[in-house]
Structures are given as structure tokens and as C-alpha cells.
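Welcome! Try each one before reading its solution.

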Amino acid sequence: MIPNYSESDTRAKLINPALYGCGWKEDNIRREVNAGGIYEIGGKYKREQKFVDYVLRIRVGNEPEPVAVALIEAKRNTLPPGHGMEQAKQYAEAERLNVPFVFTCNGYKFVEYDHTTGITSPARPMTQFPSPVELRRRYETFMGFSLEDEAARPMLTPYTGGDSVRRYYQDAAIRATLEKIAAGGNRALLSLATGAGKTRIVVHLLKRIADAGQLRRVLFVCDRTELRDQALNAFQNVFGNDAQAVSSSNAQKNARILVATYQTLDIDTTDDDANFFLTHYPENYFSHIVIDEAHRSAWGQWSIVLTHNPAAIQIGLTATPRQLKVKEGAPGLENDLAITADNLKYFGEPVYEYDMSQGIKDGYLAACDIQKNTVNLDDTGISIEDVIARNPVDPITGQRVGPERIREIYEKTSYEDRILLPDRQLAMAENLFDYLLKTGGPEQKTIIYCVRDSHADQIAALMNNLYAQYCRKIDKPRKEHYAFKCTAQSSGNDMLPDFKASSTSYFVATTVDLLTTGVDVPRVSNIVFFRYVQSPIAFYQMVGRGARIYAPDNKLMFHVYDYTNATALFGEEFITDAPGQSEEDGGNEYDVSDGGETYKERPEWVFTDTIEVVGFDVVITDAGRYIITQVDGKATPVTVEEYKQRVAAELVNEAPDLPAFRRRWVEPDERKTLMQRLPANGQSALLIRELESMTDYDLYDVLAELGYGLAPRTLQERADAFNYKQATWLNAMPPTAAATVQALVGQFARGGTAELENSHIWQTQEVRQAGGVRALRALGQPAEVLRDTKVRVFAA
């Protein structure tokens, strides 16, 4: 009869010996990790790392760094050997381990999926499992190079600081880039979500190349001083003083890593002549070029950096790889613009991709929920008669505006651009402020995207007024610098350090474009759209400002408040028109490209044809709440109900009924595995608890209601139910033991399952005063009594 092993026993007793017998040694096998599931202790969210069963790696001679080539997904010995193959294939591809061979096995047999051929094998005995020599041969044949080639040497060079300095997908991105270089390519595009650590990836990529003796000099080009300083800090952490920032007075020709902005190099706009760059750096001066945020500044002269260094390894970094749409016959656009703006045409398909939904699923990026709202004026529109009837005025002079001028403006306007609507602005600000009050209070780091500079001014003033009124109403001291404008015209960079670091001021930033890319503000909890957005590139960059996890604030999710249906751009392709060719912009001299978003960022003096209209009744309607999840490999908003259905389906798939769920819940290891099988590695359960306003409930009750229709009980209700339903059990104990058990259940009432499993529970005052460990020894082993108590708590 076949023994019934757990997955861990199957690995230890069956799979490991079989692998050793086929030539695999312990240093060929790595248990790769991702951020894993989320759990809660004392109101604080913690992580449990999630392990992939096995990543098989090839070691070349005495080289210190082995190369990952395969994944094994281990299953219990009682399951078919091919069970979970789709999951394993997904992990190797969609979850981006970047390995060509995928195996599932139950300890007796295995099934292989060969990504190089697309063929899934029949089940075979473990004695036929491929050896390291065979997998290396197949890997090298597929890649087109030998791991002993000089070009492959960086792949065999270890990470400075060891494997712990990178996440699994960062390692996969680095390997993918090194593989392309080893195969003879000199261009690579990396597409990773905002917050995934693109700069960290390129720093360690270049360090491994340098340690292999193949790096001469690097130019890292970015768009703004803020981004330059962030990158310089990352490079100096690894390269020390070999990394330096280029300035207009110092070309840093003695440095090995040069970090520069487009502006410093005189390659920022079409009017720039690249004089600084051409004067200081001769042709092929750099062995490696890195273009940060490669989708940005597409209409400048920065293609000269690439064309002037044709022999260099050229790497593009972006969260949103741009494709350029050029009208047929457009003169002079096919060359430089194809290089700078059409990322995919120039660099080729990304060698590695890791999008927002994958980051959320892995637990490396904050979960995202969306509150959609509609504004009645936007839905129904405002007729020209509506405007004329309300006697609009010039916002600068206050004088009335005549019908002819109104008609001229009306025909080419968007709200808050040429027609200013103070009633609409106030209603939207009040609605947003109410949401902040309901979700933790007004003092949350928030970015509001506005139409233009003066609109940002007005919204900042309204948010400050609402905050002052709120503080006065509840008799609370008002904190200074609550809301502020952060735009290019307002020297917004000066306030960014306070917005990023201060926990007592600078809470709400109103902006147009300054906070769209590259700037790291991990504290941001809310992204707000008061502006219409047409470009998926600009949209993803804006949303990305909230995606970073920030442990000090216990931030594992962020909110998007959408008043303009901007979130409809989730899942859209990153395709943009060439400059001056958009049917919308008509080639206006003030049009600028912000990550592909063409909008009218005119200086304020250009807005002479602007009117202000008051007297409208503005109604804002709740249009539903949505959750970002992965659908067909893309970040997609789904309704809360659909999201709950997805979580429930996964839950029931893992535990088919309530007794099975309860059995797994009370065992910490089983519960951890169960939670990791749920969407977003368990964050989904926490998210549903918040959405359903169930913070007073243990996750057991949240999930039991969701999957099995159990009437949920609050923590206190479940503790009370235990005391009366288990009265017979308690009365049979010595009084001090019963009091100790009740004290333990009291800890559950305070913090749920995690509190019962907290190693410090025996030191809590209530438990010690009741009798503590000594009292429970009258009933047996205290740990067993605690487990029995937990079982009875959930049976109540």
C-alpha cells in the first residue's frame, strides 16, 4: 500500500534521493522564494516567504555561480505525477523564473514541459530524470552558446553580497539580459512594473559584467535630477566612488559609471545640439548604455547617445514599452523617432517582463483597489446655452464674457482647461475628502492629478480649506502644509523631500505631470484622477506612484479614486502617435509628451481665452468599487463581487467543505499553504476583510463566510461563544487551568488566530496571572492544550 506522505515528506523521502541518484547535488538545487503570503499579528501585517519547490541549476567547472535551467513542482506521492503542471508552467513563464524546462513529480514518476519545443512528455519513472549534463546540453543548444564561452562569463559571476541581494524576478531579468548578450545581441529591453526595482536590477547586472572583466565604462541616462540622484545612490552602494553624477561643469571622465540627465548632456529637446555630449565623449566611448524610463522624452535628441555608441551594449528600462504609430509618408520620422520612441522596434521584444498584476500576486507590490465615481456634468455634458445662461466671467479680470467668445472657447475646450467650473472642483474635492475620512483619516499621502497648473492650485486650496474646517469641527490642532501644488511651474521638486519623508506635513500633492514617473514616494496611499487621461503609458506611470509597499506605515495596498474613467486604460497597449500627428493635438506648439500622454501644458499666460462658470448643481455618483487582479496575464479591474467569487473558487478548490477548511486553518503550516494558494498570496483575504468592513473578524470567519456561507462572528462573539459552548470542558478542569484557557481565548478576542500562535502569548499579563504554563501542565503538554483550545474556538 502506498504511504500517504505530505509534500514535504514526499520531497525528503522520495524526490531528493531520486535526484541525487540522477547526478544532481545539493548545490545544484535551490529553493527560490518570492514575497509570499501575508498574515497579521497585533494589527501589523507580516510576510511568510513562499518557496518554489526546486530550481535546478547547472554548475560549470569551478565557477562560483550556477545557472538556473529548470523548475520542479513537487506534489504529494498520492497525486498523479502531472498534477499541477499548468501551475508549474505558469510559474516558470507568467511568474517569470526564466527557465526553459518545467517538471512536476510525485516522487515515483515525473512529467516534463519543454518550453523550447512546447511539448509535454508522458509520465516517466524518476530513474529517467535528466542529468545535469543532459539539461546543460539541451539548454546550450536552445540558447545558441556554450556556458564556457567568454561572452557567458558574467552568467557565472556571483552577486556581490550573495543571492539575498536580489528577488527571484530580478535574478531572472538579469539572467535573461546576460543570455541575450551571450548569444551575440547588444540591445535589451527590460519591462518591469513601477516599484519592481529596475535600477537595482541594472546595478547588479552591470556589477556582474564588471566582475567578469567585460565592463569598460557605463552611461546611465535619466530624465530629471531627482531620478539621477536616486540612481547615483544605488550605483554608489555597489560601485562606490566609481559611480559619479555628470554635471554641466564636470563630465566625470575619470569615473567608470556616469549617471547623467538628458538636460545635462544637451539632448533633452529637438532644439538641443548635443554639444556637451559630443564635446566630452568620442564615438564608442562607452561600453554600456542604459536608458532609464525608455518610454519618456521620446521627442528629444537622445537617440544620438545610441547612434554615437553603436558598439555598446544598450539596455532600455521601462514599465511601459512604447510602440510608435507613424502615419504613412511622414517625413523624417522613421529613423531617430523609431530609435527613441518605438522601444519594441529598436530594442526588440522585452527580454523580461514583470507587470503590476504579477507584483501584486507575488506580494512585492501593494494591492490596488479602485473607487469609481461619475460626475453628472461629465456624463450629460454642458451645452453652450447652459454656459451663456450662467453669465461666465474672465477668471483673471472678473469681467463678463460675451456669447461670441464663449462659442469660440466652448468648441475647443475640456473642463478645467478653458472652462473653469468651481462648483465641479468643490464637489469633487468634498467627495474625495469624505473618502479619506472613511479610510483612515485625511492625513494620508495622496497624489491628485489635475488638468493644468492653475487647476492644481485650486484643488490644493480646496483640500486645505476642507482640512482646516475638519480640524476646527473636531477641535483638533491643524497641521501645516496639508495640501500643496507640486508642478514644474511651481518648483515642485523643492517640496518632494518633505512629501516623501515627513509624516506630519505635506500630505496631499496636486500635480499635472511632475509625479508621473520615476519619483519614489513609498508612503503614497491614494492616487486620484481629477484629469482625463488618454495614454495608457501616462496612466500606468501615474498609478505606479502608489504601488510600492511601505512597511513602516503598514502599507500593503493603495487606493485609486477615479472621477474621469481613467482606469478604463488598464490592459491597453502602449501605442502612441508621433508628435504633431495626433488627431487630438493637431501639432500644437505647446504639446509635450509625458510618457506618451499628449496634453496642453501651456504656460499660464497662454490661457487668455479662459472662462469661469458658476451656478451648476454637481452630483457625484458612486460607480462601483473594483480590485486589480491578473486576468490573462494582465492587470485588470474586476468588481468586488467578481473578485470575491474568484477567491471563493480558489478556496473551495483547496478545501472542498467547511470541516476541511477548519482542519487546515488550525494547523499553521497547512494554513500558510492554503493562504498562499489564494490570489495575491493571501493579500486577497485581507483586502476582502477591509472592503467588507470586517476588521473586527478573524480571517477564518471572512473566508468561511465567503466560501461556505458560514454566518461570521466577530472576534469577541467567537470568544464568548467558546465560553458557553465549551462550559462542560472548562468545568472539568482545575480552576486555574480553566482560567488560563479562558485567558488564552481572551487573547484571541484581541488579535485573532495570529495571537493564539504568537510565541509571546505565555508572557502576556492575563495568561500569566491566570496560571500560565504551569496551570496547563495539569492537562498535559501546554502546546497541545493550546491547539485543542484553538480547535474548539473555531468549532464554536
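Two terms come first: a residue is buried when its relative accessible area is under 20%, and contact means heavy atoms within 4.5 Å. Please keep in mind that this is a predicted model.

**Exercise 1.** Find which parts of the chain the buried residues of α26 pack against.

*Solution.* Start with the buried residues of α26, which include Ala737, Val741, Leu744 and Phe748. Next, look for their partners: the buried residues of α26 pack against α24 (715–725), α25 (727–731), α27 (753–756), α28 (765–770), α29 (772–776) and α30 (782–795).

**Exercise 2.** Describe how helix α19 (residues 640–654) meets helix α22 (residues 683–691).

*Solution.* First, take the axes: those of α19 and α22 come within 11 Å and cross at roughly 140 degrees. That angle makes α19 oblique to α22. Then take the handedness: α19 passes α22 in a left-handed crossing. Finally, list the residues: Val640, Tyr643, Lys644 and Val647 in α19 meet Ser684, Leu687, Ile688 and Leu691 in α22. The residues of this contact divide into 6 nonpolar, 1 polar and 1 charged.

Conventions: Residues are numbered from 1 along each chain as its sequence is written. This is a predicted model: local features need pLDDT of at least 70, side-chain atom pairs count only at pLDDT 80 or more; totals for chains, interfaces and linings use all residues. Side-chain values use heavy atoms; hydrogens and water are left out. Buried means under 20% relative accessible area, exposed over 50%, partly exposed in between (1.4 Å probe, protein chains only). Helices (H or I, at least four residues) and strands (E, at least two) are DSSP runs, numbered from the N terminus. Axes are lines fitted to C-alpha atoms, for helices over the stretch in contact, and angles run from 0 to 180 degrees between N-to-C directions. Angles under 35 degrees count as roughly parallel, over 145 as roughly antiparallel, 65 to 115 as roughly perpendicular and the rest as oblique. A crossing is left-handed if the near helix is turned anticlockwise from the far one by less than a right angle, and right-handed if clockwise. Ala, Val, Leu, Ile, Met, Phe, Trp, Tyr, Cys and Pro count as nonpolar, Asp, Glu, Lys and Arg as charged, and the others, Gly among them, as polar.
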